[in-house]
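Student: I've got a two-chain model open and I'd like to learn how to read it. Can you walk me through it, one feature at a time?

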Amino acid sequence: MKKLLSRLLILALSLEIFSLLNLPSVYAVSANLYLSPANLSVNLNSEFTIAVRADVNGGQTNAVQANLSYPTALLQFVSIDTITSAFDIQAENTGGSGSVKIARGILTPKTGDQLVANVTFKGISTGAANVSFASGSNVVDGGSAIPLTTTPGTYTVTSTQEGNWVNKIVINLSLPDVLQGNLISKVSIIGESPEYSVDLKPGTTSVTLTIPDGVFAVSSLTKKLKLATEKSLTRVVDFIPNAKELTINVGSIKLGDINSDNAINSIDYSILISSYMPKNDTKADLNLDTVVNSIDYSMMLANFSGVGD
Amino acid sequence: MKLFDDYLKENINFLTAVLALIILVEATFITSLFLPERFEPIKKKVTSSLTKKPVVASLTLTKGATSYKVGDSFEVGVTLDTQGNKTVGTDLVISYDKDKLEVVDAEAAKEGIQIKGGSLYDTVATNKAIKKEGKIYFAAIASPGKPEFSGKGVLATIKFKAVKAGEALVQADHKIGSTIDSNVVTAAQKDILTRVENSLVSIVQ
């Protein structure tokens with residue numbers, strides 16, 4: 001009798017373990033969490049709404065957890081609308097910082113394709129924004145998760161309307177008076193592809209970048225302009241590209257970074273000292289007059305201990 | 001006519017004095033026009049007045065005697081006067097007559113030929129005499145955090161040996177606006193050197 005009981009117990013435990021390990025196979029149904037529409041072209045600085053839907057193929061569900069992730073550089077979370085949701089009990093309803101979390105339930109299980117919630121975003125910068133379901137997303141029936149597939153969406157933020165491109169950027173700056181040659185400066189907008197090379201001639205107080213349509217969109221999002229000038233500390237300046245023509249004040253170009261490590265310190269000093277006339281190592285020739293002497297040293301000393309952005 | 005003759009006779013002393021005065025004024029004028037060019041060419045060569053700008057800083061090269069014999073050694077001092085301006089460094093580029101003068105090495109332990117630096121600044125950035133060019137490159141600076149120099153003092157002393165008879169000019173290269181010669185530099189990255197006094201050395205057998 002004892003032997004029979006122990007065999008039955010082992011069998012029961014085995015079945016339980018099997019059922020736990022093969023949970024998905026227990027269900028004949030599967031669920032799909034998806035975004036509708038899956039693809040959309042939206043205008044820059046415009047809001048758009050996508051539906052988060054749960055489709056229980058041949059089964060039923062009484063709870064849904066939909067966790068979305070989105071690129072903050074391109075999209076801004078606006079709101080979650082659940083008025084028309086099929087699930088009337090709210091467990092979680094948050095959005096922002098690249099994540100949207102919606103958890104809803106209902107006492108009477110729902111079948112078929114159901115709306116979980118509508119989520120509204122704003123396109124803040126041009127580009128293709130992928131919105132996908134993150135880990136923790138689930139479709140549940142009676143406390144058990146239904147095997148799940150998820151379908152992300154792609155929303156392309158464009159700025160096709162006339163006048164929505166930045167065409168001109170004027171960069172105001174100042175150079176040391178003693179500069180006698182041209183400094184090459186690489187100008188770029190961090191996060192944007194083009195890099196512009198400009199010559200800073202003695203006496204230059206501003207440089208103008210001419211940018212064709214389709215390169216850099218007007219937006220209300222803060223951008224960073226980077227000015228990397230040879231032998232100088234790199235400057236990074238925040239600006240908002242909210243007009244076709246922009247003026248950005250960079251300030252003084254700080255020369256003295258001889259070894260290009262974005263700091264002016266004793267290493268630069270030692271390089272300069274070892275390059276003094278009559279050697280004239282051009283690396284340490286800060287005022288570009290072909291000679292390394294106390295003029296160059298005074299330029300470096302004026303910015304000594306400085307660190308670039 | 002008679003009246004004029006009478007007038008001359010009566011005022012001969014006065015008229016003679018007036019004439020002498022006129023001659024004296026004219027002579028002074030003519031002298032002022034020609035004498036500096038004719039009789040003081042060397043002075044003009046040695047003193048580089050450069051521009052009519054007020055002197056902001058100066059470098060003066062001085063020697064102990066007016067002439068030396070071939071084989072003699074002598075020193076030329078280089079005095080810096082910043083006229084009270086604070087300076088972070090001074091560059092000295094000296095040209096000398098390499099056929100008549102040789103620089104005597106002041107630091108035999110070091111490679112090359114050096115001149116003797118002063119103590120106006122804490123760091124000597126460069127110190128090199130190049131015989132074949134007849135050039136001396138010297139620079140002294142206040143290194144970061146060290147006091148700047150203002151005032152008057154000996155920047156460097158050059159010891160020469162006279163090797164050939166004749167007149168030999170020792171001059172600090174300088175041109176207003178140029179940054180590749182001698183400079184007296186402020187923290188504001190300005191070269192304030194406006195006057196250089198050079199030195200002419202007479203060498204006899």
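Student: What share of the 205 residues in chain B is buried?

Tutor: Burial is a neighbour count: with C-beta atoms placed from the backbone, a residue is buried if 20 or more other C-beta atoms lie within 10 Å of its own, exposed if 12 or fewer, and partly exposed in between. In chain B, buried residues make up 31% of the 205. For chain A, with 309 residues, the figure is 33%.

Student: Before I go on, what kind of model is this, and how is it labelled?

Tutor: This is a predicted model, where local features need pLDDT of at least 70, side-chain atom pairs count only at pLDDT 80 or more, and totals for chains, interfaces and linings use all residues. Residues are numbered from 1 along each chain as its sequence is written, while chains are lettered from A and ligands numbered from 1 in the order in which they are written.

Student: What is the mean pLDDT of chain A?

Tutor: pLDDT is the predictor's confidence in each residue, from 0 to 100. Chain A has a mean of 87, and 89% of its residues reach 70 or more. Residues 8–27 of chain A fall below 50, and that stretch has 5 contacts in the model beyond near neighbours in sequence. Where pLDDT is low, the predicted coordinates should not be read in detail.

Student: How many helices and strands does chain A have?

Tutor: Helices (H or I, at least four residues) and strands (E, at least two) are DSSP runs, numbered from the N terminus. On that basis chain A has 4 helices and 18 strands, and chain B has 3 helices and 14 strands.

Student: And how should I read contacts along the sequence?

Tutor: Two residues are in contact if their C-beta atoms, placed from the backbone, lie within 7 Å. Take the contacts in chain A with a separation of 6 or more: 69% are between residues 24 or more positions apart. In chain B, 72% of the contacts between residues at least 6 apart join residues at least 24 apart.

Student: How many residues does each chain bring to the contact between A and B?

Tutor: Chain A brings 22 residues and chain B brings 20. On chain A's side, α3 (266–274) and α4 (294–302) each supply at least two residues, and α4(A) gives the most, with 7. Sorted by class, chain A's side has 14 nonpolar, 6 polar and 2 charged residues; here Ala, Val, Leu, Ile, Met, Phe, Trp, Tyr, Cys and Pro count as nonpolar, Asp, Glu, Lys and Arg as charged, and the others, Gly among them, as polar.

Student: Is α4(A) mostly covered or mostly open?

Tutor: Mostly covered, with 8 of its 9 residues buried. Among them are Y297(A), M299(A) and M300(A). The cover includes α3 of chain A, and from chain B it includes β5 (89–96), β8 (123–130), β9 and β12 (183–185).

Student: Which residues touch the most other members of the largest nonpolar core?

Tutor: A nonpolar core is a set of buried Ala, Val, Leu, Ile, Met, Phe, Trp, Tyr and Cys residues joined through C-beta atoms within 7 Å. In the largest, of 63 residues, M300(A), L92(B), I94(B), I136(B), I141(B) and I158(B) touch the most other members. Strand β9 (residues 135–141) of chain B gives the most to this core, with 6 residues. Apart from this core lies another, of 46 residues, including L33(A) and I80(A).

Student: What does I158(B) contact, leaving aside its neighbours within four places in sequence?

Tutor: Its partners are E75(B), V76(B), V78(B), I94(B), V103(B), I115(B) and I136(B).

Student: Now a sheet, please. What is the strand order of the open sheet of 4 strands in chain A?

Tutor: Strands of a sheet pair through backbone hydrogen bonds, either parallel or antiparallel. Two strands count as paired if DSSP finds at least two bridges between them. The order here is β14-β13-β16-β17, with antiparallel pairing. β14 (195–200) and β17 (235–239) of chain A are at the edges; each has a single partner strand, so one side of each lacks a neighbour in the sheet.

Student: How do β16(A) and β17(A) connect?

Tutor: They form a hairpin with 5 residues between them, and K231(A) in the turn has a positive phi of about 65°. The two strands run antiparallel, joined by 5 bridges, and L225(A) stands opposite V237(A) in β17(A). On to β13 (residues 183–189) of chain A: 5 bridges join this strand to β16 (residues 223–229) of chain A, with S188(A) opposite K226(A).
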